[in-house]
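Reader: Could you walk me through this model and the terms used to describe it?
Author: Gladly, let's take a look together.

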Amino acid sequence: MLNKTYVLTLGLAAAIGFAQASYGETRAPSDPSRACGKRDEIVANLEAKYHESRRMVALSANNSVLEIFAAEAGNWTIIVTPADGVSCLIASGEAFEELDGTLKEKDAAL
């Protein structure tokens, strides 16, 4: 059985890959297909409207910050903020679950 944290790490890695692929380097700030804006306003809206708080954060290969927000009810949102500071909502959903456990050593076999 895989370690729960390892599974969560794989899921986060997949989310980062998806976010990078869907976000792309060609995002225009005025692109109407994206929900983008000031990070502090987006975070305040997630907290006030959806009761979500930041649960995870990661730095992607292109120096964008990926954040996962979630509520106790299980709803979640992923936002990405590149160096220009304009945050975009990348994905959202239900059934967020935090898993506990420890990570395996870097070179350890799966």
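Reader: What is the accessible surface of the chain, and what percentage belongs to carbon and sulfur atoms?
Author: The accessible surface comes to about 7100 Å², and carbon and sulfur atoms hold 55% of that. Such areas come from the Shrake-Rupley method with a 1.4 Å probe; for residues, only the protein chains shown count as cover. A word on sources: this is a predicted model, where local features need pLDDT of at least 70 and side-chain atom pairs count only at pLDDT 80 or more, while totals for chains, interfaces and linings use all residues. Residues are numbered from 1 along each chain as its sequence is written, and side-chain values use heavy atoms, with hydrogens and water left out.

Reader: Why are Cys 36 and Cys 88 called a disulfide?
Author: A disulfide is a pair of cysteine sulfur atoms within 2.5 Å. The sulfur atoms of Cys 36 and Cys 88 lie 1.9 Å apart, so the pair meets that rule. The count by this rule is 1 disulfide.

Reader: What makes the disulfide of Cys 36 and Cys 88 right-handed?
Author: The torsion about its S-S bond is about 100 degrees, so it is called right-handed.

Reader: Why is Cys 88 called buried?
Author: Buried means under 20% relative accessible area, exposed over 50%, and partly exposed in between (1.4 Å probe, protein chains only). Cys 88 has 0% relative accessibility, so it counts as buried. Cys 36, at 27%, is therefore partly exposed. Of the 110 residues of the chain, 32% count as buried.
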